[in-house]
Amino acid sequence: MFHYAKSYPGGVSPLISLFVWILIAECIRGVGETLISGADTAWIVDEVGEQHVGRLFLEGKRLSLRASLVTAAVLLLILAVFGLTLRKR
């Protein structure tokens, strides 16, 4: 039986379809994502302390929004420059 399974690409057994293998892999991935989902926040709260974490998260969100604004401005500038150069041709 093992010799028969080795003849397939990647050694995947023909007894179980590819869909089932993908389904099993996605279930394992889903459990992993669920276990990791709040770990970083809990770690930060443990390191900083509950009294300082609100200010820290607020400052992090502010920096994230500023970075998004700068990124949008740079992309609009690039589109404007390419738009002007494309019209001249």
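A salt bridge here is a side-chain nitrogen of Lys or Arg within 4 Å of a carboxyl oxygen of Asp or Glu. The model is predicted, so local features need pLDDT of at least 70, side-chain atom pairs count only at pLDDT 80 or more, and totals for chains, interfaces and linings use all residues. Residues are numbered from 1 along each chain as its sequence is written, and side-chain values use heavy atoms, with hydrogens and water left out.

**Exercise 1.** Work out the fold's elements and how much of the protein is buried.

Step 1: look for DSSP runs, where helices are H or I of at least four residues and strands are E of at least two, numbered from the N terminus. You get 4 helices and 0 strands, in the order α-α-α-α.

Step 2: sort residues by relative accessible area (1.4 Å probe, protein chains only): buried is under 20%, exposed over 50%, partly exposed in between. Of the 89 residues, 3% count as buried.

**Exercise 2.** Find the salt bridges in the whole structure.

Step 1: the search turns up 2.

Step 2: one joins Glu-26 and Arg-29, at 3.2 Å, N to O. These two sit 3 residues apart in helix α2 (residues 18-36), so about one helical turn separates them. Glu-26 is partly exposed at 43%, and Arg-29 is partly exposed at 47%.

Step 3: Glu-59 and Arg-62 also pair up, at 3.6 Å, N to O. Both lie in helix α4 (residues 50-88), 3 residues apart, about one turn. Glu-59 is partly exposed at 34%, and Arg-62 is partly exposed at 43%.
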